[in-house]
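Please have a look at the chains first, then read on.

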Amino acid sequence: MSKNQINHGEHGAKRISRRRLSVSSVVNTLLLSVSLVQPAHAADNVAALLKQADAFRLPAESVRVETLVELYKNDALDKERLYTVYVKPGRRSLVLMKSPSEIGQKVLMLADQFWLLMPESQRPLRITASQKLLGEASTGDIANMTWSEDYDGKIVGEVDCPLPPAVLPELAAPARARRCLHLDLAQARVGVTYARVELYLEKANKIPVKADLYVGSGKRAKEAWYAPKSVEGQPRIMTMLLLDDIQPNRRTVIRYRSIVAKEAPDEFFNPAALVRNSLSGW
Amino acid sequence: MRLRDFTAGAAFALALPASAAEFNASLIVAPQVLTDNRASPYTVGPPTVPAHNRDSRQDLELRLREGGFNAQGTLRWQAAQGAKPEQHGISNQFYYDGELGGGVGYSVGKKVMSWGVGYGFRPLDIVQRENRRGVNLPALVGLPLLAVENFSAEEAWTLAWVRPGEGGGTDDSHDSSLAFHWYRLAGADDLHAVARLSHRRGIEAGAGFTRVIGEEWSFHGAALYQRDYRKTLSTLAESGGLFAAADPRAEFVRHNGVKAVAGAQWTGESGWSLLAEGWYDADAYSRAEWQRLDDLTARQRALAGLVPDSAIAGNVAWSSQAYLATNLLRENLMLRLAYDDRDGFKPYAELLTTPKDGGRVFTLGAAYEGNRQRVSFGLRQLGGAADSAYARAPIRRLLWADWRLAMF
């Protein structure tokens, strides 16, 4: 299981992924239909919806994700960054910076606790959630690929799906109008990157379409758009577009080049182990 | 020796299959300009002390990772005003990280090993004694060591034999030692404990923590006890005498020394951050030791015209070596205000004060990071109360820049 490739067609992982999706699809459809008439169960329904939406972004619990981040300024490509992200259950993520200008930097996230390793000092530095937000491409945007573990909320209603901006070919507006579920999510734990998320899921299949991301002060920081792509016959979110409200001339495109099921050993997620080169080959 | 190490590392890098290795190269150009403090009693000009007020360091930094192998080397070309340019190679790191299974690993080779807690000063850095207050510093050079490490999900320890086989060296970085670091992640706290046994310092032991509170605050603290600590003082200032024909500085051994740091940092979602930190360093001079050195220098200067200028200049130059210390006084307070515009631009302002004598160091700096380039620059101004160590330093101002190109 741990070495199967979700998007490269190794059979075990594909079978598990499909089974999980099909079961959760049925369960969530039932839960959703109940939710519209029984508000008391709204929280349960939202949790189930979020799990279903998460599966389009993170198709296994333990993965290695190769990510290319493109930073645009005034519509021109300004910077490119490469990251390898290891995700494990329990809200654990390890981000390895791979671009020549950042090589050797690492960010470790254990639930609401964060550490940064700069290669110059070879010393893991404990950082706060606010410090995690700093930098050009927030590591929170790169490493946090699920909502279900971090947010609670409610279904606000059913609306026409918002139409994407015409800046990415992958985000071309669909030929026919789609209906979306509009969810209003609040952070359920400390340390999450965004305190509030307004999420739009396509009603028919629960694929994430758009999210408005709000910081702790209540200000909207970013607008995220999700572009699905068929991988091994399954729809997956392989591109995310972030439009920055604070710096409107900037936009960030996050491309997930590969998502591979990998279960790195627990000791790699020890802050003191960041100085070691143990992840070579993982 | 350093060139030989570097050549061995380069040969190793070339021998590896290119497809398997991670190889990076950066070009660094780091010029700086110093302004003399003409009013300082410690300022000594040529010919006793050459005027190298302008210099520039050009480094080609190479890094290689392949499996557990790590190599980092620097090819340096350095030019200074009034001096012949020089070039040499440096082996910064060359080590292997191996795994023995069950969370146990080992390291062997020349490696940077930093264990400290703190920003301006790290008492727990008992292996890699890093100058945290310098600007425009080149990459760290590791120490030869053998280490065994154990990692679990929340705990880790390292036992390192540093400079194995060597005896007591002339300074801490050349002193053979056995060092231990323990780390535990305990909820919102990072807990550290260290111990070191060495020829020069005997037993050293300390502990530290970092605690995060909420999303914006972090607090840290650390303290180190030293059975023996050493301080280089002028025998003329400490024991009497006026002039010496040879360097009168000597190392004095003291007992029961303490190094400690405590600080707090706030970072807001706006990108602003504020750091306040205070530290105590028993290795540094006390106010009284500076006063004795100041008195000696004043008495030497007062004899101008009566004794040869070269004797005065030579003796003052020896005394001025006290300014090479990382901390000029034992007690230090630092405030640092920084901003991150999330677009690569990071300016900061920093004030260091020495409350015992009213000294101040003010630093303004900024860094900008592009796709492959990083530029940083800044200005550091020394001053404060007229009789403070910083106000009497031979250097008044330092202007620096650092351009770094990540080639691949």
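The report below goes from the model as a whole to its strands, turns and chain contact.

## The model and its confidence

This is a predicted model, in which local features need pLDDT of at least 70, side-chain atom pairs count only at pLDDT 80 or more, and totals for chains, interfaces and linings use all residues. Residues are numbered from 1 along each chain as its sequence is written, while chains are lettered from A and ligands numbered from 1 in the order in which they are written.

The average pLDDT (the predictor's confidence in each residue, from 0 to 100) is 81 for chain A, and 81% of the residues score at least 70. Take care with residues 1-40 of chain A, where pLDDT stays under 50. Where pLDDT is low, the predicted coordinates should not be read in detail.

## Chain A in outline

Chain A has 4 helices and 13 strands. These are DSSP runs numbered from the N terminus, with helices being H or I of at least four residues and strands E of at least two. Of the 282 residues in chain A, 47% are buried, meaning that 20 or more other C-beta atoms, placed from the backbone, lie within 10 Å of the residue's own; 12 or fewer makes a residue exposed, and anything in between partly exposed.

## Around strand β3

Strands count as paired if DSSP finds at least two bridges between them. β3(A) pairs with β2(A) in the antiparallel sense over 6 bridges, with Val87(A) opposite Ser93(A). β3(A) is also joined by 5 antiparallel bridges to β4(A), residues 106-110, and here Leu94(A) faces Leu108(A).

## Turns and loops

β2(A) and β3(A) form a hairpin with 3 residues between them, and Gly90(A) in the turn has a positive phi of about 85°. Arg91(A), in the loop between β2 and β3 of chain A, has a positive phi of about 55° although it is not a glycine. Arg91(A) is partly exposed, with 19 other C-beta atoms within 10 Å.

In chain B, the peptide bond from Pro46(B) to Pro47(B) is cis, with omega near 5°. Pro47(B) sits in the loop between β1 (22-36) and β2 (54-66) of chain B.

## Where the chains meet

The contact takes 39 residues from chain A and 45 residues from chain B, counting residues as in contact if their C-beta atoms, placed from the backbone, lie within 7 Å. On the side of chain A that touches chain B, α3(A) gives the most, with 4 residues.

Definitions and conventions
Contact = placed C-beta atoms within 7 Å.
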